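The sequence and structure are shown first.

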Amino acid sequence: MEKLVFWDWAGTLADESELDKAVCKSIEEEIAKKENIPFSEAQKLFNDYLKKLENKWQWHDYVRIGESFGLEWQSIQKMHLDKLILLPHAKEILGYVKNKGYRNILTTNAVSRVIYLRTDYTGLSVLFDAIIASDDVRALKSEGKHFAYGLKIMKGDPLLSFSIGDNPAQDILSAKKFNLITILCDFGKKLTHYHSEHLTHNFTENVFSDFRIKNLLEIKNII
Ligand SMILES: [Mg+2]
């Protein structure tokens with residue numbers, strides 16, 4: 001059986017707040033241009049669209065958003081990749097954990113075509129043994145399917161495996177159902193941009209995690 005580390009992406013390894021804000025603004029600008037309507041009307045159209053998908057994995061699907069509004073989703077993503085910020089020591093800690101004999105699994109609510117653009121851009125793709133996106137399991141992480149799938153395909157031992165993330169409901173509660181060891185990242189809350197309410201309420205949930213950290217280097221005291 002393998003020892004696994006399930007990593008969350010936004011708010012844990014990366015600060016995507018400026019990137020996603022810019023992407024959403026561009027989507028609204030493109031809708032306004034395409035429909036020949038004022039920007040504020042386009043904002044409302046996009047927000048109404050997102051509201052319908054709150055608490056569903058499709059909320060995160062920029063490909064679907066592009067198709068729904070007839071926009072080039074990929075060029076909008078690429079245009080703003082320079083706003084993606086890796087958190088301090090992200091690369092180092094992924095290498096550290098790998099050297100300790102763990103397999104790194106990225107588990108994210110993003111969809112695969114978007115997360116690969118982002119991990120490739122940052123050069124982190126090679127440090128992951130698997131990437132499990134929401135469209136792979138057709139679920140949000142809170143449903144636990146990312147972990148179930150990861151444990152299965154990587155032949156993981158849950159009692160020796162970790163879930164590391166910043167969102168109490170998505171990364172901790174769901175991982176505890178599988179008896180994974182949990183590490184809550186206290187620093188993530190402001191590093192993720194939700195363009196509608198969506199999972200914002202998750203952060204008020206009080207959870208018990210096995211560990212709580214203030215920066216990624218603290219993981220070296222745990223693993
Ligand atoms: Mg997160």
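## Domain arrangement

The C-alpha centres of domain 1 and domain 2 lie 25 Å apart. Domain 1 comprises 4-15 + 84-221, and domain 2 comprises 18-82; these bounds come from an automatic or database domain assignment. The model is a predicted one, in which local features need pLDDT of at least 70 and side-chain atom pairs count only at pLDDT 80 or more, whereas totals for chains, interfaces and linings use all residues. Residue numbers start from 1 along each chain as its sequence is written.

## Contact between the domains

Across the boundary, 18 residues of domain 1 are in contact with 17 residues of domain 2 (contact: C-beta atoms, placed from the backbone, within 7 Å). On the domain 1 side, the elements that give two or more residues are helix 6 (112-122) and helix 7 (134-137). Helix 6 gives the most, with four residues.

By class, this side of domain 1 has eight nonpolar, six polar and four charged residues. Ala, Val, Leu, Ile, Met, Phe, Trp, Tyr, Cys and Pro count as nonpolar, Asp, Glu, Lys and Arg as charged, and the others, Gly among them, as polar.

## Helix 1 and helix 2

The axes of helix 1 (residues 17-35) and helix 2 (residues 39-52) come within 8 Å and cross at roughly 115 degrees. Axes are lines fitted to C-alpha atoms, for helices over the stretch in contact, with angles from 0 to 180 degrees between N-to-C directions. Helix 1 is therefore roughly perpendicular to helix 2 (a class that covers 65 to 115 degrees).

Helix 1 contributes Ile-27, Glu-28, Glu-29, Ile-31, Ala-32 and Glu-35 to the contact, and helix 2 contributes Phe-39, Ala-42, Gln-43, Leu-45 and Phe-46. Seven of these residues are nonpolar, one is polar and three are charged.

## Overall form

The chain has nine helices and eight strands, taken as DSSP runs numbered from the N terminus (helices: H or I, at least four residues; strands: E, at least two). Its C-alpha trace spans about 55 × 30 × 30 Å along the principal axes.

The radius of gyration of the chain is 17 Å, which agrees with the value near 17 Å for a compact globule with 223 residues. This radius is taken over C-alpha atoms, and the globule rule is 2.2 Å times the number of residues to the power 0.38.

Terms used. Two residues are in contact if their C-beta atoms, placed from the backbone, lie within 7 Å. Angles under 35 degrees count as roughly parallel, over 145 as roughly antiparallel, 65 to 115 as roughly perpendicular and the rest as oblique.
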